[in-house]
Amino acid sequence: MNLFFGRKAKVTPKDSIVELRNTLQMLEKRETFLQTKIDNELQIAKTNATKNRRAALMALKRKKQYEGQIEKISGSRLTIETQVMAIENANVNLETMKAMRAGAEAMKGIHGAMDINTVDQTMEEIRDQMELANEISDVISQPVGFGIEMDEDELLAELDGLEQEELDKKLMETQGPSQIGLPSVPNHEPEEEDEEEAELRELRESMAM
């Protein structure tokens with residue numbers, strides 16, 4: 001048979017669905033045609049019901065035959081629609097399975113070079129390197145004194161002295177050198193000394209009398 005007709009091509013789900021839908025369209029057209037025939041025969045039977053009973057009876061028989069064909073077409077349509085739905089669902093399941101299988105193969109390829117021991121060892125190495133990096137950073141961040149031991153209190157005292165010198169310098173610039181280091185003398189002291197001298201002079205004059 002293959003020699004005469006050749007090998008039959010493989011039918012895909014898409015091709016099957018297209019063919020079945022074309023068949024559904026053909027059956028729908030056939031059903032519409034038969035429904036028109038039924039309506040015509042019914043009209044003939046009504047017209048001849050009182051005039052020609054034989055013609056009316058023949059029309060009703062043809063109408064009955066057309067209705068039987070429509071019932072068969074309706075059954076065929078229901079079967080084909082069910083088959084289309086089943087093929088579509090099967091095709092969806094097939095594509096889903098293909099995608100899941102591809103994902104499984106991808107995961108297998110990814111995990112092929114890994115196992116739990118390799119992962120644990122890698123994580124342990126990462127932790128060791130992170131600890132080493134932190135230790136190196138701590139060492140680098142410490143100030144280098146080159147062997148010189150520094151007294152913190154002595155440095156603070158020196159800093160206080162520098163701050164005082166700076167304050168004195170600023171005070172000298174604002175007030176002048178004559179007022180630096182001299183105690184403030186109240187302006188009324190000369191007046192008090194004059195009064196004492198006056199009292200002493202008056203006492204001497206009274207004693208001389």
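Arg-62 counts as partly exposed, because its relative accessibility is 29%; buried stands for under 20% relative accessible area, exposed for over 50%, and partly exposed for what lies in between (1.4 Å probe, protein chains only). The side chain of Arg-62 meets that of Glu-41 in a salt bridge, at 2.9 Å from N to O; a salt bridge is defined as a side-chain nitrogen of Lys or Arg within 4 Å of a carboxyl oxygen of Asp or Glu. The model is a predicted one, in which local features need pLDDT of at least 70 and side-chain atom pairs count only at pLDDT 80 or more, whereas totals for chains, interfaces and linings use all residues. Residues are numbered from 1 along each chain as its sequence is written, and side-chain values use heavy atoms, with hydrogens and water left out.

**Salt bridges**

- Arg-62 belongs to helix α3 and Glu-41 to helix α2, so this pair ties together parts that are 21 residues apart in sequence.
- Glu-41 is buried, because its relative accessible area is 8%.
- In the whole structure, a search finds 8 salt bridges.
- Another of the salt bridges joins the side chains of Glu-31 and Arg-77, at 2.7 Å from N to O. Glu-31 lies in helix α2 and Arg-77 in helix α3, so the pair ties together parts that are 46 residues apart in sequence.
- Glu-31 counts as buried at 17% relative accessibility, whereas Arg-77 is partly exposed with a relative accessible area of 22%.
- Arg-77 also forms a salt bridge with Glu-81, the closest N and O atoms being 4.0 Å apart. These two residues are 4 residues apart in helix α3, so about one helical turn separates them.
- Glu-81 counts as partly exposed, because its relative accessibility is 36%.
- Through salt bridges that share partners, Glu-28, Glu-31, Arg-77 and Glu-81 are joined into one network.

**Overall architecture**

- The chain has 6 helices and 0 strands; helices (H or I, at least four residues) and strands (E, at least two) are DSSP runs, numbered from the N terminus.
- Of the 209 residues of the chain, 10% count as buried.
- Among contacts between residues at least 6 apart in sequence, 75% join residues at least 24 apart; a contact means heavy atoms within 4.5 Å.

- Helix α3 has 59 residues and should span 87 Å at 1.5 Å a residue; its end C-alpha atoms are 86 Å apart, which agrees. The expected span of a helix is 1.5 Å times one less than its number of residues.
- The buried residues of α3 include Ala-56, Ala-59, Lys-63 and Tyr-66, and the buried residues of this helix pack against α2.
- The largest nonpolar core has 12 residues in all, among them Leu-27, Leu-34, Tyr-66, Ile-73 and Ile-87. Helices α2 (13-47) and α3 (53-111) each supply at least two residues of this core.
- A nonpolar core is a set of buried Ala, Val, Leu, Ile, Met, Phe, Trp, Tyr and Cys residues joined through side-chain atoms within 4.5 Å.
- In soluble globular proteins, nonpolar side chains tend to be buried together.
- Not counting residues up to four places away in sequence, Ile-73 touches Leu-27, Arg-30, Glu-31 and Leu-34.

**The loop between α2 and α3**

- Asn-48 has its place in the loop between α2 and α3, and it counts as buried at 18% relative accessibility.
- Leaving aside neighbours within four places in sequence, Asn-48 is in contact with Arg-53, Ala-55 and Ala-56.

**A nonpolar surface patch**

- Ile-110, Met-114, Ile-116, Val-119, Met-123, Ile-126 and Met-130 form a nonpolar patch on the surface, with about 660 Å² of accessible area together.
- Patches are made of residues with over 30% relative accessible area and no salt bridge, like charges being joined within 9 Å and nonpolar side chains (Val, Leu, Ile, Met, Phe, Trp, Tyr) within 5 Å.
- Helix α4 (residues 116-141) gives the largest share of the nonpolar patch, 5 residues.
- Val-119 lies in helix α4 and counts as partly exposed at 34% relative accessibility.

Methods:
Areas by Shrake-Rupley, 256 points an atom, 1.4 Å probe, with all protein chains shown as cover.
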